[in-house]
Amino acid sequence: MATARLHTETAEAGHRADAHLWRAAAWFAAALWATYVLVPSEHTVLRGLVLYPLGDVAAVVAVVYGVRRYRPRAPGAWLLIAGGLASFTVADVMLAILEVQGTQGFPSVADVFYLLAYPLFAGGLVVASRAGFREGGRGTFIDAGIITIAATLFALLLITSTYIADPDLSLAAAIVASAYPLADVLLLAVTAQFLLSTSWRPLALRLLTVSLALILVGDIFYSVQELYTSGGDKRLADALLLAGVLLLGLAGLHPSMTALTATAGEVTLPRYSVRRVVSLYLISLVPVVVLTIQALTGRVDYVWITLLAMVAIAALVVTRFVDLVGRTLRAAEREAALSRFGSDLLFRSGHEELVTTAQRAADELVPGGSARVIEAGSEAIDESALFTALVVVNGRVVGSVVADQRLTAEQGTQDALVTVARGLSLALERDSLLAAEQATADSLAEQNAQLRELDRMKDQLVSSVSHELRTPLTSIGGYSEMLLGREFGDLNHDQQDFVEVIDRNARRLNRIIDDILFVARVDAGRLSLERSWVDVAAVAAVCVEAALPRARLGELTIGLTAPDDLEPVWADQTRLTQMFDNLITNAVKFTPPGGTITVTLSGAEDMVSAQIADTGIGIPPGEVDRLFERFFRASTVGAVDGTGLGLSIVKSIVEVHDGTIAVTSAEGVGTTFTIELPVRLPATRPAETEAAE
Amino acid sequence: MSTEASSPQPVILVADDDEDILHLLTFRLERSGYTVVSARDGEEALRVAREHVPDLAVLDVRMPKLDGYEVTRALRADEATRRMPIILLTAKVQDGDVQRGFDAGADDYVRKPFSPQELRSRVQAILGRR
């Protein structure tokens, strides 16, 4: 990983300082180079002993400074490159001294140092490659191989062979002269492979590329001039070489120099752009070009080398193809493994099984079996050597899928492992959701069971209470009735009165029990209605009739008005009777002597209205709203007895028939209840609850 | 004590676990000219019914050992007692219970508290028809 830095203010300042330094160095390099180029070649001392070496030294210093300042991983890479530059420096100084002395010969000690630089450069790039884990891409090696073979052929046939064939050259000279192109080829090979497998974006790497290119081109110019123009002005070559050296120094000085040895993470496949394919094709045609040149110049030597080169290139191309196919097949295998994984996940559940499925998939994806699924905290993970994909469930990291970094370098493997991790995360989440749902469902089922049990117990209670209360009442009422019937002996006046009291109260108690149980059933939603087409007028008439004795006792007038053609209502006759009874009884109870009670019925479209009006004591204004509350009794009831359930029952009956009830009252004047009942059931009424057994 | 004309007094079985009600019923019916046999629980009721084969049975629905419905069903299942008129007494309020009574095979259903006079009228009505 590239060294990450916290961006504090001091670091920001540091960055700016680095940028300034680099710009200054760039200006310096440009100035130096321009000076070297512009100064005429007569000034050998200036050029050879001052400017050139100065450039070399500056480059070395720059790279070393860069290493110390930016602390890249595997600093050995840059240091080897610096070593190469130092070697150049020594060689240049030596050569300049020899030139000045006039004893420059070929080969010389300087050549050794020159040649030494190339392996050092190459070595630096090789170290960089290894450090950055870039070795996954076999394709890049093959491409580089093709380039190298072409270059080697070029170097051997067009340059080296000339030296070897030259009788004027000593053996040492021939060897050294041949060595240069070969050293170039070595550097080219390594550079090509390195560059093909990395991204060129960081500026330092671009500068590195250009500088190496300039050095190589400079060398080619040098060799060509040596061979075909025999000596002559090497200014162009020197300028190119100097530029290359300076740029190399600048590359090492730039903050992005750390990218040289940064881990690539994953090898990017060579892009199959048209440009690249065409370039490789052209390069692989070099043997043909060489043969053509040889034919044109009439010097057809070493055909066997050319043929060998063509065979080698062909082999590489085929290998490339096989490699590609292999890659494709592996990609297909990964696909298959992932889709097997996907479908397995759908069918499995439970933590253990899911993890095992993920482990299996990971094993299939990473050859060599180094992939593992590990739980969080179960072992320490060496982050630097392992690729990790986190398994996150409900926002918590519960584990990770890890694999050896090196084995996951092939493109697609890491993505696949991430997919495995994600798949596992989702499956585990789904699992936990299902478990939660199941738990909720279970708890609901339990609650339901409990509620049903409570309901059942309530029913039983109501039933028992009813029985327990009514049984003694039966005796009280029954014996009173028998006494009053005088079949078992006569009663004197007082005895008669007393027994009547007992009887009356027994009835009253019975009515109260009825009311309470009625209300209990309404509460439980257990009120069942036996509906039929009810003549409301008839029902009202019966209730009014029943109330006449009491009304007469209280010196009240009670009357009923109803139209002849009143529509029958689909309702429960018993309940309507109960409703009228309650309202009329109330009216009778609360109207002082001389008062009037009127029951008026009327019919409108689909509705039947009943109005029960009295000239009674009325209800205080603030209490009218609470009239229908259970057990509520107005403050003005005085000595009149009642349970406070009557009106609540009336309201329940009206509501269960989908009707409405309203009351208006004025204290001391009277009270009027108005009820409206629909003739038919509304269309969307749900089925009424049947009473439970 | 008045007796019916020439026919022997009809025998009525009365079963209830409450002593007072049992006596109430017995008084009322004996005073009206019937012979009464009584039982305090369902098992006794069934035994007495099979032994005396009464002309009518008045059974409380809630009794220990066997309840009124079960006694009714048992009587209906037995050839000797199949056609015996049965009146069930109960304090139960849910309407479903009435249906349950008739389903078991009862002929009538009287709610508690009841007027003894009214019960006598019903008994007379049923026996009068026979």
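The legends below describe close-up views of a predicted model. Local features need pLDDT of at least 70 and side-chain atom pairs count only at pLDDT 80 or more, while totals for chains, interfaces and linings use all residues, and side-chain values use heavy atoms, with hydrogens and water left out. Residues are numbered from 1 along each chain as its sequence is written, and chains are lettered from A and ligands numbered from 1 in the order in which they are written.

**View 1. The open sheet of chain A.** Three strands, in the order E1-E3-E2, form an open sheet with antiparallel pairing (strands are DSSP runs of E with at least two residues, helices runs of H or I with at least four, numbered from the N terminus; two strands pair if DSSP finds at least two bridges between them). Strand E1 (372–375) and strand E2 (386–393) of chain A each have a single partner strand, so one side of each is left without a neighbour in the sheet.

**View 2. The pairing of E1(A) with E3(A).** Strand E1 of chain A pairs with strand E3 (residues 396–404) of chain A in the antiparallel sense over four bridges. A:Ile374 stands opposite A:Ser400 in E3(A).

**View 3. B:Thr81 in its loop.** In chain B, B:Thr81 is found in the loop between helix H3 (68–77) and strand E4 (86–90). B:Thr81 counts as buried because its relative accessibility is 1% (buried means under 20% relative accessible area, exposed over 50%, partly exposed in between, with a 1.4 Å probe and protein chains only). Leaving aside neighbours within four places in sequence, B:Thr81 is in contact with B:Ala49, B:Leu75 and B:Arg76 (contact means heavy atoms within 4.5 Å).
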